[in-house]
Amino acid sequence: MTATKPLPPHGSLSRHKYHGCKCDTCYEGYRTYQRSRYRKRGYGTWQPYVDAEPIRQHLLNLRAQGIGFTRVAELAGLHSATVGGFLYDSGVNSPRKQKARPEIAARILAITAESTQPWRTDATGTRRRLQALAANGWPMKSLAPHLGLHPATVARLLQQDYVYGSTAEAVADAYQKLAGARPEQHGVTPGLTRRARNHAEREGWRTPQWWDDMGDIDDPAFDPDKADAEPSFRERAALRREEIIHLAWSGHEPEHIRERLHNEVSISTVRNIVREWQTGQKRSRRPAAA
């Protein structure tokens, strides 16, 4: 019997884009992704794909030092086939990869001969994963049993620049399992969950969903505050236009679309954008001749 692969969680881009879910949670996830895309375009950092040759050379260099691509995949939290695809053809119709997602490239390039040592690795990803779980309502003490660590040790990890490689792997594994889980389902009381979320909000910690949409959780050079910067007027207008078209495509009437956008735009603007999308012709914005 062939096992059925579970659907991505509600709120993820893939659940909405590739599986057609139109619930409010998935739609909000789609909006978050679009906001991120427009911000990155505004900063000139939007790169859907990057050249894969640096990845291949990096893997060849690691192999010369005795570190195979399967070990790299394990350390980067990727499937071995994903990493191996940058070195070898997967078949007649699947040649070696020439392009890569930036987040995939960053995870592979972050693996160095030094980082494979169990005693020292950068703690950025570890801190951010713990902070993200806290933003979802996980108290540090409640995470300790899932990490195999003492509660006091978990709290200290938030202050460290480097951690043991085994600790980083333990946190990454727990994050993978708990990011989509409700703390209450694991015995955490609602009061402790609420307290953890409030503390995370005061500290400005991002949720796992935010990191899924924005990426770069392991990149020390990535600045979440810049990513959260308010978009310009033109970026907001372009974002609203795309949202209106998306909602029209989903079958919503102009009046309902305006409600979904919290009445941020006039009904005439919504109707005009929908009409342009339906007809494929943009309206003239020049004033009529006297």
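## A salt bridge within one helix

Arg56 and Glu53 lie three residues apart in helix α3, and they are therefore separated by about one helical turn. Their side chains meet in a salt bridge, with N and O 3.2 Å apart, where a salt bridge is a side-chain nitrogen of Lys or Arg within 4 Å of a carboxyl oxygen of Asp or Glu. Glu53 counts as partly exposed because its relative accessibility is 28%; on this scale buried means under 20% relative accessible area, exposed means over 50%, and partly exposed lies in between, with a 1.4 Å probe and protein chains only.

This is a predicted model, in which local features need pLDDT of at least 70 and side-chain atom pairs count only at pLDDT 80 or more, while totals for chains, interfaces and linings use all residues. Residues are numbered from 1 along each chain as its sequence is written, and side-chain values use heavy atoms, with hydrogens and water left out.

Arg241 forms a salt bridge with Glu276, the closest N and O atoms being 2.6 Å apart; Arg241 belongs to helix α14 (residues 233–249) and Glu276 to helix α16 (residues 267–279), 35 residues apart. Arg241 is partly exposed at 24% relative accessibility, whereas Glu276 is buried at 5%.

The side chains of Glu255 and Arg271 also meet in a salt bridge, at 2.7 Å from N to O, and this pair joins helix α15 (residues 254–260) to helix α16 across 16 residues. Glu255 is partly exposed, with a relative accessible area of 38%, and Arg271 is partly exposed at 38% as well. Helices here are DSSP runs (H or I, at least four residues), numbered from the N terminus.

## How α3 meets α6

The axes of helix α3 (residues 53–64) and helix α6 (residues 102–109) come within 10 Å and cross at roughly 20 degrees. That angle makes α3 roughly parallel to α6, a description used for angles under 35 degrees. The contact (heavy atoms within 4.5 Å) is made by Pro54, Ile55, His58 and Leu59 of α3 and by Ala105, Ile108 and Leu109 of α6.

## A buried valine

Val72 is placed in helix α4 (residues 69–76), and it counts as buried because its relative accessibility is 1%. Leaving aside neighbours within four places in sequence, Val72 is in contact with Leu59, Leu62, Ile67, Val83, Ile108 and Ile111.

Definitions and conventions: Axes are lines fitted to C-alpha atoms, for helices over the stretch in contact, and angles run from 0 to 180 degrees between N-to-C directions. Helices (H or I, at least four residues) and strands (E, at least two) are DSSP runs, numbered from the N terminus. Angles under 35 degrees count as roughly parallel, over 145 as roughly antiparallel, 65 to 115 as roughly perpendicular and the rest as oblique.
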